[in-house]
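Here is a short briefing on one protein chain. Keep the sequence and the 3D view open as you read.

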Amino acid sequence: MGRTREAGCVAAGMVIGAGACYCVYRLTWGKDENEKLWDDEDEEEEEEEESCSGKPEIGGKTVKERKTHVGVGAGAKPQDDSKSKAEANVGPENGPDVKKEVYPESHSEGGLEAKAKALFKSLKEQASAKAGRGIRFPNISRIRTLTSSLPCPGGRGGGCHPGRTGSRARNRTSGKVKRKNRSKSNKAPATAWPVRRGKFSFPYKIDDILSAPDLQKVLNILERTNDPFTQEVALVTLGNNAAYSFNQNAIRELGGVPIIAKLIKTRDPIIREKTYNALNNLSVNSENQGKIKTYISQVCDDTMVCRLDSAVQMAGLRLLTNMTVTNHYQHLLSYSFPDFFALLFLGNHFTKIQTMKLIINFTENPAMTRELVSCKVPSELISLFNKEWDREILLNILTLFENINDNIKSEGLASSRKEFSRSSLFFLFKESGVCVKKIKALASHKDLVVKVKVLKVLTKL
């Protein structure tokens with residue numbers, strides 16, 4: 001099978017190469033014939049103009065005749081064999097009607113060439129008459145068929161006919177310039193990180209593990225610069241170093257949290273994303289959370305209003321999830337519960353999972369139950385209990401339902417059902433009965449882990 005495939009590839013390459021050679025030959029042949037045809041047309045038009053205008057003769061001859069005839073007694077110098085016409089000096093003549101023609105040495109060759117041109121011209125006219133329009137091959141006829149949307153040949157958006165003097169040279173040079181420009185524009189764009197280009201001198205690599213003095217230098221650069229590219233590199237460097245516990249303390253002690261957090265207000269989404277990533281790594285430390293809590297409401301608002309499923313939104317959700325692992329700062333985000341459930345319904349797969357992780361953090365705190373179940377949620381949220389979703393989404397939504405059901409029982413909220421509206425989470429999960437039916441239908445799920453989770457939830461109802 002491999003040899004057959006190799007033979008096929010070789011044959012395909014030969015066919016493509018032969019086609020390319022043929023195209024080059026046709027284009028080159030067409031260009032030469034085109035130039036010859038333009039020369040013939042120029043001469044014919046000059047002859048017609050002279051015959052119609054009735055110009056006076058000079059010394060008994062017209063200008064055209066002086067190009068093709070010579071007087072008797074003049075010394076004619078033979079030209080090179082490569083020239084198709086002979087030119088000679090004109091001397092004094094015996095009379096105005098006495099004319100003699102001087103032909104080049106290769107008289108027979110000139111006659112054959114003239115016959116070939118005449119035959120070619122007749123074939124061209126016959127083909128034009130049959131087609132009823134201008135020739136579509138590289139040879140350009142007098143009557144051209146041009147579409148209105150295309151530029152006329154021979155000019156740069158101007159007239160259809162090129163100029164008599166120097167037009168072909170200009171066309172050739174302009175064609176060469178265009179080919180050079182195309183070759184320059186075919187350069188592959190740089191794909192290596194970082195994406196942005198800027199002239200700056202950053203003292204460290206983004207993956208260097210820095211000491212406290214070096215971190216201080218990076219923080220100073222970040223605080224003083226307004227260049228987005230420098231800010232991005234500095235934030236990535238700080239975020240990578242914040243993944244280590246000893247640098248988490250060092251950055252906080254150096255006053256780095258406010259310096260990093262001030263970039264939350266920037267409009268550049270890349271800078272905001274890198275800022276959230278750096279704060280996310282710093283928030284693993286409980287002492288750093290005490291510094292970051294000042295900006296948690298601002299992060300939440302920006303996460304809800306930024307573009308759906310964007311990298312900025314994902315980075316903001318990860319930061320909020322880390323900040324709500326403990327119960328200390330959850331009350332700062334209770335006003336955003338309806339937005340979280342709307343995002344849970346509207347987001348893509350990854351946004352749904354990250355949002356569910358955030359909500360599960362709230363469901364594990366019984367003190368947040370009343371505010372959580374009283375918020376308005378979209379009725380389409382029930383579709384997350386369908387079998388079509390993968391294991392991770394189903395396990396998360398079942399965990400969310402289990403925690404809320406346990407908290408309703410522990411907090412005694414079942415007896416105060418009149419407090420909650422029909423659009424609340426309490427009604428959707430507890431009173432409608434639709435959610436319980438969906439969960440029972442998941443008992444026949446093909447995934448064993450999902451089955452076990454469903455049975456655990458059903459036993460607590």
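Helices here are DSSP runs of type H or I with at least four residues, numbered from the N terminus. By that count, Asp268 sits in the loop between α8 (256-261) and α9 (269-282). Note that this is a predicted model.

**Overall make-up**
- The protein has 19 helices and zero strands.
- Of its 461 residues, 34% count as buried.
- Take the contacts between residues at least 6 apart in sequence: 68% of them join residues at least 24 apart.
- The protein exposes about 28,400 Å². Carbon and sulfur atoms supply 56% of that area.

**Nonpolar core**
- In soluble globular proteins, nonpolar side chains tend to be buried together.
- In this model, the largest nonpolar core holds 80 residues.
- Which of the 80 residues touch the most other members? They are Ile260, Phe341, Phe385 and Phe429.
- Helix α16 (residues 391-411) gives this core its largest share, eight residues.

- Is Asp268 buried or exposed? Asp268 counts as buried, because its relative accessibility is 19% and the cut-off is under 20%.
- A polar atom of the Asp268 side chain lies 3.1 Å from the backbone nitrogen of Ile270.

**Asp309, in the loop between α11 and α12**
- Asp309 lies in the loop between α11 (296-305) and α12 (311-323).
- Asp309 is not a glycine, yet it has a positive phi of about 65°.
- With a relative accessible area of 28%, Asp309 is partly exposed. The reason is that 28% falls between the limits, which are under 20% for buried and over 50% for exposed.

- Which residues form a nonpolar patch on the surface? They are Ile209, Tyr244 and Phe246.
- Together these residues have about 310 Å² of accessible area.
- Tyr244 is found in the loop between α6 (228-241) and α7 (245-253).
- Tyr244 counts as partly exposed, because its relative accessibility is 36%.

Note on methods:
Residues numbered from 1 in each chain as written. Predicted model: local features only at pLDDT ≥ 70, side-chain atom pairs only at ≥ 80, totals over all residues. Heavy atoms only, no water. Core = buried A, V, L, I, M, F, W, Y, C linked by side-chain atoms within 4.5 Å. Buried < 20%, exposed > 50% of the residue type's maximum accessible area, 1.4 Å probe, protein only. Helix = DSSP H or I, 4+ residues; strand = E, 2+ residues; numbered from the N terminus. Patch = residues over 30% accessible without salt bridge, like charges linked within 9 Å, V, L, I, M, F, W, Y side chains within 5 Å. Areas by Shrake-Rupley, 256 points an atom, 1.4 Å probe, with all protein chains shown as cover. Salt bridge = Lys/Arg side-chain N within 4 Å of Asp/Glu carboxyl O. Polar contact = N/O pair within 3.5 Å; in protein donor to acceptor, adjacent residues only side chain to side chain. Contact = heavy atoms within 4.5 Å.
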